Amino acid sequence: MTAYAVDIQELANTVSAVLGDKLKHSVIDRGELTIQVDAANYLEACRQLRDADGCKFEIMIDLCGVDYSDYKQQVWEGPRFCVVVHLLSVSLNQRLRLKVFAPDDDFPLVDSINGIWNAANWFEREAFDLYGIVFEGHPDLRRILTDYGFIGHPFRKDFPLSGHVEMRYDPEQKRVVYEPVSIEPREITPRIIREDNYGGLH
């Protein structure tokens, strides 16, 4: 076993000791540690991961949403929406991936961790915009990438590829107008076209 792998295992042991029964799942894969907590324990677990000796994850590097429906073309039986957080400890030179699933598929809701790492602000707004995940306690949860009048959440797997509406500038009304999508859906099938006797084959 390499020294790096031992370090990861030590981190896994430390995180398990710190979080106790808040830790729902832990796995080491490809030299990386991923843990999972329930939504009810998410906020406190994040606080402990930031402050506890042996953890000291001072920096939240990234936060994103995930839609697990049709996961790997399999029937997914768990909650549909997940929030994935990547943490970094500069002082201890270690990294961690944290996952929390929103318990309600119809209204995905988890706590905001903006009060723990204020870098989460725009990341949570992005996950809200693209996946419709609501972050309770966020100071300013608004769309950040799509237009104000945008309908739906474009990174959800059931969102149509062409969207729900299209927009254009109307010179007569002198403003942008929204209209039903006029693009007909089509499926592009790749075709291989070769000349006769390609490569000397008959």
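## Buried cysteines, a buried valine and a nonpolar surface patch

Cys82 counts as buried, at 0% relative accessibility; buried means under 20% relative accessible area, exposed over 50%, and partly exposed in between (1.4 Å probe, protein chains only). The model is predicted: local features need pLDDT of at least 70, side-chain atom pairs count only at pLDDT 80 or more, and totals for chains, interfaces and linings use all residues. Residues are numbered from 1 along each chain as its sequence is written, and side-chain values use heavy atoms, with hydrogens and water left out.

**Cysteines.** A disulfide is a covalent bond between the sulfur atoms of two cysteines. Here the term is applied to a pair of cysteine sulfur atoms within 2.5 Å. Searching the whole structure gives 0 disulfides. For Cys82, the closest cysteine sulfur belongs to Cys64 and is 8.0 Å away, so the two are too far apart for a bond. Cys46 is also buried.

| Residue | Relative accessible area |
|---|---|
| Cys46 | 0% |
| Cys82 | 0% |
| Val134 | 18% |

**Overall make-up.** The protein has 3 helices and 9 strands. Helices (H or I, at least four residues) and strands (E, at least two) are DSSP runs, numbered from the N terminus. Read from the N terminus, the order of elements is α-β-β-α-β-β-β-β-α-β-β-β. Of the 202 residues, 36% count as buried. The protein exposes about 13,400 Å², and 52% of this is supplied by carbon and sulfur atoms; accessible areas come from the Shrake-Rupley method with a 1.4 Å probe, and for residues only the protein chains shown count as cover. Contact means heavy atoms within 4.5 Å. Among contacts between residues at least 6 apart in sequence, 50% join residues at least 24 apart.

**Around Val134.** Strand E7 (residues 134-136) contains Val134. Leaving aside residues up to four places away in sequence, Val134 touches Phe107, Pro108, Leu109, Val110, Phe128 and Leu141. Val110 is 24 residues from Val134 in sequence, with 6.5 Å between their C-alpha atoms.

**Surface patch.** A nonpolar patch on the surface is formed by Ile151, Val165, Met167, Tyr169, Val176 and Tyr178, with about 560 Å² of accessible area together. Patches are made of residues with over 30% relative accessible area and no salt bridge, with like charges joined within 9 Å and nonpolar side chains (Val, Leu, Ile, Met, Phe, Trp, Tyr) within 5 Å. A salt bridge is a side-chain nitrogen of Lys or Arg within 4 Å of a carboxyl oxygen of Asp or Glu. Strands E8 (165-170) and E9 (175-180) each supply at least two residues of the patch. E8 gives the largest share, 3 residues, and Tyr169 is found in that strand.
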